[in-house]
Amino acid sequence: MQIKDTAAIVTGGASGLGGATAKALAAKGAKVFGLDLAASIEKADQVEGVTYVEADVTSAEQVQAAVDQAAGADVPLRTIVNCAGVGWAGRILSKNGPHDLELFRKVLEVNLLGTFNVMRLGAEAVAKTDPLTDDARGVVINTASVAAFDGQIGQIAYSASKGGVAGMTLPAARDLAKHGIRVMTIAPGIIDTPMLAGVGEEFRAGLAAGVPFPQRLGRPDEYAQLAVNIVEHDYLNGEVIRLDGSLRMAPR
Ligand SMILES: NC(=O)c1ccc[n+]([C@@H]2O[C@H](COP(=O)([O-])OP(=O)(O)OC[C@H]3O[C@@H](n4cnc5c(N)ncnc54)[C@H](O)[C@@H]3O)[C@@H](O)[C@H]2O)c1
């Protein structure tokens with residue numbers, strides 16, 4: 001699918017992987033709506049072609065309003081990229097007792113329910129656009145993590161949420177096939193984004209050393225490149241792609 005002269009929604013679009021994807025889609029000629037929380041939008045760079053819209057992905061009303069704004073652009077809304085996400089570390093049992101239930105609920109709510117919320121409302125708008133070749137209308141790209149498959153100690157909530165995102169891929173692609181909407185998921189390994197901002201150089205070097213090849217952290221623009229490839233490749237559908245330099249995470 002051609003990106004030029006289409007509209008796109010990118011959640012988490014003010015930072016990290018979402019920020020890089022919003023920029024890449026805009027550079028290809030899309031009108032991008034970067035959905036994010038106010039605190040992230042305040043810190044975001046102004047990028048030509050990217051309009052930031054304040055919305056919490058877990059809110060039906062806020063996401064509907066943002067989707068309506070994107071669908072009201074003068075070009076058809078064809079791309080939805082879900083990058084909004086949170087990560088918290090906590091074991092099922094620790095010296096402080098069992099895992100906090102509210103924290104588990106919160107991670108699932110943002111990463112899984114939030115992704116689903118944007119996918120369902122975004123898909124409704126994409127389904128109303130005029131069809132292209134093969135009756136194609138658009139594409140949804142969700143973001144899981146390698147933690148969906150090899151979650152580490154302390155990643156119980158995050159892995160559960162990302163396993164859910166990976167698991168939605170095929171049924172979502174099947175559900176949306178009759179509307180001409182493809183659904184793909186990217187499962188990144190360790191990418192150098194603000195999520196890693198707090199870790200020291202030594203820890204960062206240790207993470208990079210665990211990646212077989214290329215032996216470094218991934219870059220946000222490499223995620224964005226794959227997202228662009230997926231939008232442009234009409235036969236990619238219903239699959240989870242690991243983007244990880246063949247990293248397989250150890251227990252800790
Ligand atoms: N960086 C990595 O190594 C890595 C690896 C695997 C998966 N991921 C996933 O990639 C996605 C992007 O991560 P990132 O590294 O760019 O992180 P990031 O913290 O730079 O960006 C995440 C963005 O999501 C936004 N967000 C959080 N909760 C939200 C909500 N309720 N509503 C709207 N926006 C919300 C944040 O404000 C932030 O701008 C996440 O889903 C993350 O789990 C990242």
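Reply: Let us begin with the naming of elements. Helices (H or I, at least four residues) and strands (E, at least two) are DSSP runs, numbered from the N terminus. The model is a predicted one, in which local features need pLDDT of at least 70 and side-chain atom pairs count only at pLDDT 80 or more, while totals for chains, interfaces and linings use all residues. Residues are numbered from 1 along each chain as its sequence is written, and side-chain values use heavy atoms, with hydrogens and water left out.

Me: Where does Asp 135 lie?

Reply: Asp 135 is found in the loop between helix 4 and strand 7 (138-143).

Me: What phi does Asp 135 have?

Reply: Most residues other than glycine have a negative phi, and most peptide bonds are trans. Asp 135 is not a glycine, yet its phi is positive, at about 60 degrees. Asp 5, also not a glycine, has a positive phi of about 60 degrees. Asp 5 lies in the segment before strand 1. Asp 5 is partly exposed, with a relative accessible area of 45%; buried means under 20% relative accessible area, exposed over 50%, and partly exposed in between (1.4 Å probe, protein chains only).

Me: Which residues does a cis peptide bond join?

Reply: The cis bond joins Phe 213 and Pro 214, with omega about -10 degrees. Pro 214 belongs to the loop between helix 6 (201-209) and helix 7 (220-232). Pro 212 is also placed in the loop between helix 6 and helix 7, and Pro 212 is in contact (heavy atoms within 4.5 Å) with Gly 245, Ser 246 and Leu 247, leaving aside neighbours within four places in sequence. The C-alpha atoms of Pro 212 and Gly 245 are separated by 6.3 Å, although these residues are 33 apart along the chain.

Me: How many residues does the largest nonpolar core have?

Reply: In soluble globular proteins, nonpolar side chains tend to be buried together. A nonpolar core is a set of buried Ala, Val, Leu, Ile, Met, Phe, Trp, Tyr and Cys residues joined through side-chain atoms within 4.5 Å. The largest one here has 30 residues, and those with the most contacts inside it are Ile 9, Phe 33, Leu 35, Leu 77, Ile 80 and Val 183. Among the elements that each supply at least two residues are strand 1 (7-11), helix 4 (101-126) and strand 8 (181-188). Helix 4 gives the most to this core, with seven residues. A second, separate core of 29 residues includes Ile 3, Val 50, Val 81 and Ile 230.

Me: Is Thr 21 buried or exposed?

Reply: Thr 21 is buried, with a relative accessible area of 0%. Thr 21 lies in helix 1, and a polar atom of its side chain is 2.7 Å from the backbone oxygen of Leu 17. That pair is a polar contact: N or O atoms within 3.5 Å; within protein, one must be able to donate a hydrogen and the other to accept it, and residues adjacent in sequence count only if both atoms are side-chain atoms.

Me: Which residues come nearest to the ligand?

Reply: A residue is near a molecule or strand if one of its heavy atoms lies within 4 Å of it. Of the 27 residues around the ligand, Ser 15, Asp 36, Ser 40, Tyr 158 and Thr 193 come nearest. A polar side-chain atom of Thr 193 lies 2.5 Å from a ligand oxygen atom.
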